[in-house]
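Reader: I have a structure to look at and some questions about it. Please show it, then take the questions one at a time.

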Amino acid sequence: MCAVVCVHVLLSLLAPRGFALTAFGDILQNIILVCATLAVLANVRKTSAKARLFWALLGLGFVIWLASQLMWTYLEVVVRHEAPNPFVGDVILFLHIVPMMAAVAVQPHVKHDNRSQRVGTLDFALLITWWLFLYLFVVIPWQYVYPSELVYGRSFDLLYVAEELVLATGLMLVWRRSRGAWRTLYFNLFVATLLYCVASLMASEAIDLHLYFTGSLFDVPLVAGMVWFVRFGFLPREIMAQNSFEEVPSQGYEIWKARLAMVAVFMTPLMMAWAQFGGDAPQSIRDYRLLLTVGVMLVMGALVFVRQHLLDQELLSVLRLSRQNLDEMCRLKDELENKEHSLRWHSLELQRKNLELQEISFTDVLTGVWNRRYLEEILTAEAGQVLRNYQRARGGDVRKMDHRDLVFMMVDMDFFKEVNDRHGHPAGDRLLQLVAQRLSTVVRKSDVLVRWGGEEFLIMSRSADPAGIPAFCSRILEVVASEPFDLGQEILVKKTCSVGWAAYPWSRGAFEAICAEESIALADAALYRAKALGRNQGVGIVATAAAGKNSEAINLVTIREGSPPFARTIRTECPIRETLSQEFRETAEPVKKSSL
């Protein structure tokens, strides 16, 4: 670029004005334009569809520009005649900017949808028609209708520079909104266009002042602008390895295109009014402009009609699509609500099943009462609550506290093995079920009835007063022994039970000395003592006053037998002990002896 411009400057300064210098200037400009055209069109086959349109429109602009330059060269080099002013190729020179403006408007760096491309094509058809109309309205009358070299030159220069400035402004806008490789391309095209705009303005003024000749210094800026266009054509291959041709997302249909097109439409009647009533143009030019404006209005009206038709079709399509989307959203909403209801139902069902499984895992299969696992699950929390109550009341009068103790009662059927031996295990299972039913009628809702194992049951009484447990034992003994158990198949057996119990905390004065599991062990020891004392009775191991004063000496071994000084036993007789049948007494006697 620098070499070409420097050579041209040297020849313009050193070579005299003549045919040689003219031929050199014309041929050099044709060669540069050929190189620019080939460099730009070479990018068409290497890019995407939208970018191909961009490069093709730019190539078309350079082809038209080359055609105008060839006409100029033909007159000066082949015919050897100075180009006239006005020049017939000026209209071609003017039109070569229009495809370049359309190329910039394509904006290949932006992602467009089909709608914006179709409507945008019509908008730019309106703009192209407008530029043609401006040239035919402003310039042509002074070339053919009423020839005037001075007015023609000024009109052409003003309109041509305005056209180039519009192109440069558009390039500056898209350059600021682009990024990556496209930003570099737009910047170089903007610089080349701005340089060419200044050069063409200088050359046009020199022509009007009859100072211009081909090869003069007025051609130096023009050649520099042309060479920069060549540079621009080779840029994509140079920057492709460094920057990606990234497309930025479209921010919707660019309304400024439609506004410019509508401005052009509305300006046409104003141009008609100006042609008829404004200015001091001859009548022939007025008539020409009036007829031209009417014809252009018809063309632009047809374009506006087609554009509006496309917009109406697009609007209907958008409305149909919106309706479909709305219906689809309603359908999805209904499906989502149904799935949500179904999911909620399944979640509740799953919770219910989990509760059922948990209850099953905590329930004794034979008797339907809680099993030992359930007691182990809740014992820590229950004992911890009792312990916290006592810890909060530490230092106070324990006797004035609300009764928040736990009482563990072991219930064991007397001579249960005899039922299995005489009537079979099914009868024994049936007896356990009936015993569980009778015990369930005695315990409170807050109490926990557990099948401890075999024929043993454990009752954990919450918030109980140990002083009332003997009466509770008496009630249990009475219910079990009150009437015979119907085992089916005409088998009636009258059975009794033995009860052993212990409270937690075992000693209120030393509530941390014995844990809940040890209280259960004490209840089991009390049960064995009840059996040793003759069965059908209850025995409880309770603490003495000395136990609360010497908590360090309290342990399970020292109090298991229920002997002083720390423990004592409370014995409860069955209220209907004397009514037992002779058969039961005969059966009970040897078991009693063997157990002793």
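Reader: Is tyrosine 160 buried or exposed, and what is its relative accessible area?

Author: This is a predicted model, and every value below is computed from it. The cut-off for buried is under 20% relative accessible area. Tyrosine 160 is therefore buried, with a relative accessible area of 2%.

Reader: How are the rings of phenylalanine 156 and tyrosine 160 arranged, stacked or edge-to-face?

Author: Under the pairing rule for rings, the model has 23 aromatic pairs. In the pair of phenylalanine 156 and tyrosine 160, the ring centres are 5.4 Å apart and the planes are at 20°. Planes under 30 degrees apart count as stacked, so the pair of phenylalanine 156 and tyrosine 160 is stacked.

Reader: About how many helical turns separate phenylalanine 156 and tyrosine 160?

Author: Phenylalanine 156 counts as buried, at 5% relative accessibility. Both phenylalanine 156 and tyrosine 160 lie in helix H7, which covers residues 149-177. They are four residues apart there, so the separation is about one helical turn.

Reader: Tyrosine 196 and phenylalanine 229 also form an aromatic pair; which kind is it?

Author: The centres of these two rings are 6.5 Å apart, and the angle between the planes is 70°. Planes over 60 degrees apart count as edge-to-face. The pair of tyrosine 196 and phenylalanine 229 is therefore edge-to-face.

Reader: How many residues apart are tyrosine 196 and phenylalanine 229 in the chain?

Author: Tyrosine 196 is in helix H8 (residues 181-208), and phenylalanine 229 is in helix H9 (residues 219-239). Both residues are buried. Their pair links distant parts of the chain, with the two partners 33 residues apart.

Reader: How many disulfides does the structure hold?

Author: A disulfide needs two cysteine sulfur atoms within 2.5 Å. Cysteine 2 is exposed, with a relative accessible area of 63%, and the cysteine sulfur closest to its own is in cysteine 6, 6.2 Å away, which is too far for a bond. Across the structure, the number of disulfides is zero.

Reader: What is the relative accessibility of serine 519?

Author: Serine 519 lies in helix H16 (residues 516-532). Leaving out residues up to four places away in sequence, serine 519 touches Phe408, Ala502, Ala503, Tyr504, Trp506 and Ile514. Serine 519 counts as buried, because its relative accessibility is 0%.

Reader: Which proline is joined to tyrosine 504 by a cis peptide bond?

Author: The omega of this bond is about 5°. The proline lies in the loop between strand E7 (497-504) and H16. The residue joined to tyrosine 504 is proline 505.

Reader: Is asparagine 536 buried or exposed?

Author: Asparagine 536 lies in the loop between H16 and strand E8 (537-543). Its phi is near 50°, a positive value in a residue other than glycine. At 2% relative accessibility, asparagine 536 counts as buried.

Reader: What about glutamate 490: is it buried or exposed?

Author: Glutamate 490 is in the loop between strand E5 (485-486) and strand E6 (492-493). The phi of glutamate 490 is also a positive value, near 60°. With a relative accessibility of 82%, glutamate 490 counts as exposed.

Reader: How far apart in space are glycine 180 and histidine 109?

Author: Glycine 180 lies in the loop between H7 and H8 and counts as partly exposed, at 33% relative accessibility. In sequence, glycine 180 and histidine 109 are 71 residues apart. In space, the C-alpha to C-alpha distance between them is 9.5 Å.

Technical notes. Residues numbered from 1 in each chain as written. Predicted model: local features only at pLDDT ≥ 70, side-chain atom pairs only at ≥ 80, totals over all residues. Heavy atoms only, no water. Phe/Tyr/Trp six-rings, centres within 6.5 Å; stacked < 30°, edge-to-face > 60°. Helix = DSSP H or I, 4+ residues; strand = E, 2+ residues; numbered from the N terminus. Buried < 20%, exposed > 50% of the residue type's maximum accessible area, 1.4 Å probe, protein only. Contact = heavy atoms within 4.5 Å.
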